[in-house]
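Reader: I'd like to learn how to read this model feature by feature. Could you give me the general idea each time, and then the case at hand?

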Amino acid sequence: MPAYGLAHLRNRRHHPDVLEYLRRIQDTLDPFQGRFVAHGPPAEVLEGSWPGSVVLIAFPDLDTARAWYASPAYQAILRLRTDHIQGDVVLVDGVGPAYDPAARAERLRAELP
């Protein structure tokens, strides 16, 4: 099942370190079959607020996404971004092509007291 790395980045700055991070990140993703799905600019906000931009990276599965984030190659460049851009980063499991939200609602309903 696919998994995703989602970053909500705020106060983006085009510091030279950030540009170096951008230059090097794809090399850290390639061994883990990571690929950018979305990579800024600021999102179109339809509900609530979302200051900043969004980055979405797809991976084959959650274990692979975790392995990429923990990899020495990625850890070696991480500070190039985090020293200059505030943000939140999460890893999340995706859903398969047969995902049925109505069936999920029924399972959740069955769990209610």
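Author: Let's start with exposure: buried means under 20% relative accessible area, exposed over 50%, and partly exposed in between, with a 1.4 Å probe and protein chains only. Val89 has 38% relative accessibility, so Val89 counts as partly exposed. Before we go on, this is a predicted model, where local features need pLDDT of at least 70, side-chain atom pairs count only at pLDDT 80 or more, and totals for chains, interfaces and linings use all residues. Residues are numbered from 1 along each chain as its sequence is written, and side-chain values use heavy atoms, with hydrogens and water left out.

Reader: Where does Val89 sit, in strand or helix?

Author: Helices (H or I, at least four residues) and strands (E, at least two) are DSSP runs, numbered from the N terminus. Val89 belongs to strand β4, residues 86-93.

Reader: Which residues make the nonpolar surface patch?

Author: Patches take residues with over 30% relative accessible area and no salt bridge; like charges are joined within 9 Å, nonpolar side chains (Val, Leu, Ile, Met, Phe, Trp, Tyr) within 5 Å. The areas come from the Shrake-Rupley method with a 1.4 Å probe, and for residues only the protein chains shown count as cover. Here Tyr69, Val89 and Leu91 make a nonpolar patch of about 210 Å².

Reader: And inside, which residues of the largest nonpolar core touch the most other members?

Author: A nonpolar core is a set of buried Ala, Val, Leu, Ile, Met, Phe, Trp, Tyr and Cys residues joined through side-chain atoms within 4.5 Å. The largest one has 17 residues, and Ile25, Phe59, Trp68 and Tyr74 touch the most other members. At least two residues of this core come from each of β1 (3-10), α1 (16-29), β3 (53-59), α2 (62-70) and α3 (72-82).

Reader: What does Phe59 touch?

Author: Contact means heavy atoms within 4.5 Å. Leaving out residues up to four places away in sequence, Phe59 touches a list including Pro2, Leu29, Phe32, Ala65 and Trp68.

Reader: How many salt bridges does a search of the whole structure find?

Author: A salt bridge is a side-chain nitrogen of Lys or Arg within 4 Å of a carboxyl oxygen of Asp or Glu. The search finds six. In one of them, Asp88 pairs with Arg10, with the closest N and O atoms 2.9 Å apart. Asp88 lies in strand β4 and Arg10 in strand β1, so the pair ties together parts that are 78 residues apart in sequence.

Reader: What about Asp63 and Arg66?

Author: They form a salt bridge too, the closest N and O atoms being 3.2 Å apart. Both lie in helix α2, three residues apart, about one turn of the helix. Asp63 is exposed, at 54% relative accessible area, while Arg66 is partly exposed at 45%.

Reader: Which residues are linked in a network of salt bridges?

Author: Glu20, Arg23 and Arg24.

Reader: Where does UniProt place the domain?

Author: UniProt positions are given in the numbering used here, feature names are shortened, and annotations may be inferred rather than shown by experiment. The UniProt record, an unreviewed entry, places "domain: DUF1330" at residues 3-95. The end C-alpha atoms of that span lie 8 Å apart, and the span is 37% helix and 33% strand. Val95 lies in the loop between β4 and α4 (101-111). Leaving out residues up to four places away in sequence, Val95 touches Met1 and Pro2.
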